[in-house]
Amino acid sequence: LKDYGVKCELTSTKHVAFHRYTFPKSDQAHVIFDIGHKQGESGEVKDAFVKCSKDGTVEGYVTTLPVYVNIYQKGADVKMYFYAKVSKRPTSIGTFLSGKICDGVESASGKGCGAYMTFSTAEGEPVEIKVGLSYTSIEHARENLLAEADGISFDDARRQAEAVWDDYLGRIAVEGGKYEDKVKFYTGLYHALLGRGLASDVSGAYPKNDGTVGQIPCGDD
C-alpha cells in the first residue's frame with residue numbers, strides 16, 4: 001500500500017489464510033476487517049456478523065449471494081465463517097456499521113458491518129494474522145486454524161504452498177517449442193488447478209445443499 005508505506009503479503013494452507021502486514025513506525029497502524037461489504041469477485045452481502053476482542057481474536061461470518069450460485073440455484077446463498085488470531089495485541093479495537101464508527105464496541109452485525117484493530121508499531125514491524133475459514137461454523141473455523149496453523153509461521157505456510165504448486169505444476173513436463181507457448185501452457189494448467197475448492201472442514205463436517213451440516217466418515221479410508 002504505497003500511500004501508507006505498508007507491505008502486504010498473503011499465503012495459505014487448505015483452510016487457513018495467512019496475512020502479514022509490515023508497517024512503518026506508527027501509533028496508528030490499523031487493520032480493518034471489512035466483513036459486511038462486497039469484496040472483489042464476491043457476490044452481494046446478505047448478512048454479516050463480526051466480534052473482535054482485545055486479546056487479538058476476531059470471529060464472525062458473512063452471507064453472500066454469489067453470481068455463480070445464482071446461475072445454478074437461483075436465490076441460494078453461501079455463508080462463510082471465520083476465526084482469526086493476530087500476532088500482536090492491539091492498543092484499541094472497535095466496530096463500524098454503515099459508516100458509523102463505534103470505538104471500543106466489540107461486535108456488530110448486518111450489511112456494512114466490520115471491525116478494526118489499532119497497533120503501535122516500530123519501523124518495519126510485521127503484524128501477522130491467521131484466519132481459519134469454514135462453511136459450517138465459527139467453531140469449525142477455529143478448529144481448522146488450530147489443526148493447520150498452530151505453531152506455523154507465515155514463511156512456513158508460504159514454503160508449504162510453494163511445494164504444493166511445484167508438485168501439481170511439475171506433473172506435466174513440456175519440452176521443445178517456443179518459450180511463449182510454454183508460458184501459455186503452464187498458465188492454462190495453473191488456471192485449471194486454481195478453480196478447485198474445498199468445502200469440508202478438517203473434522204469432516206461439510207455444508208449440505210439443504211442448509212444442514214453433513215459429516216464425512218473419519219476412518220482411515
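Good morning. In this protein of 221 residues, 36% are buried, where buried means under 20% relative accessible area, exposed over 50%, and partly exposed in between, with a 1.4 Å probe and protein chains only. The model is predicted, so local features need pLDDT of at least 70 and side-chain atom pairs count only at pLDDT 80 or more, while totals for chains, interfaces and linings use all residues. Residues are numbered from 1 along each chain as its sequence is written, and side-chain values use heavy atoms, with hydrogens and water left out.

I begin with the overall picture. The protein has four helices and 13 strands; these are DSSP runs, H or I of at least four residues for helices and E of at least two for strands, numbered from the N terminus. Its C-alpha trace spans about 60 × 45 × 35 Å along the principal axes. The accessible surface is about 13,700 Å², and carbon and sulfur atoms hold 52% of it; such areas come from the Shrake-Rupley method with a 1.4 Å probe, and for residues only the protein chains shown count as cover. Of the contacts with a separation of 6 or more, 60% involve residues 24 or more positions apart, a contact being heavy atoms within 4.5 Å.

Next, the helix pair. Helix α3 (residues 154-169) and helix α4 (residues 179-194) have axes that come within 11 Å and cross at roughly 115°. The axes are lines fitted to C-alpha atoms, for helices over the stretch in contact, and angles run from 0 to 180 degrees between N-to-C directions. Which residues of α3 meet α4? They are W165, Y168 and L169, and their partners in α4 are Y186, L189, Y190, L193 and L194. T187 also has its place in helix α4, and T187 is partly exposed at a relative accessible area of 35%.

I turn to the interior. Is G132 buried or exposed? At 0% relative accessibility, G132 is buried; this residue lies in strand β11 (residues 125-134). Leaving aside residues up to four places away in sequence, G132 touches H15, V16, Y81, F82, Y83, A141 and L145. The C-alpha atoms of G132 and Y83 are 5.1 Å apart, although 49 residues separate the two along the chain.

Now the charged pairs. Side chains of opposite charge can pair when their charged atoms come close. The structure holds 11 salt bridges, each a side-chain nitrogen of Lys or Arg within 4 Å of a carboxyl oxygen of Asp or Glu. One of them joins K46 and D77 at 2.8 Å, N to O. This pair links distant parts of the chain, 31 residues apart: K46 is in strand β4 (residues 44-52) and D77 in the loop between α1 and β6 (78-86). K46 is partly exposed at 45%, and D77 is partly exposed at 32%.

Another salt bridge joins D155 and R158 at 3.0 Å, N to O. Both residues lie in helix α3, three residues apart, about one turn of the helix. Salt bridges with shared partners join E9, R20, E128, D155 and R158 into one network.

Finally, the side chains of E44 and K38 meet in a salt bridge of 3.8 Å, N to O. E44 is partly exposed at 48%, and K38 is partly exposed at 46%. Thank you.
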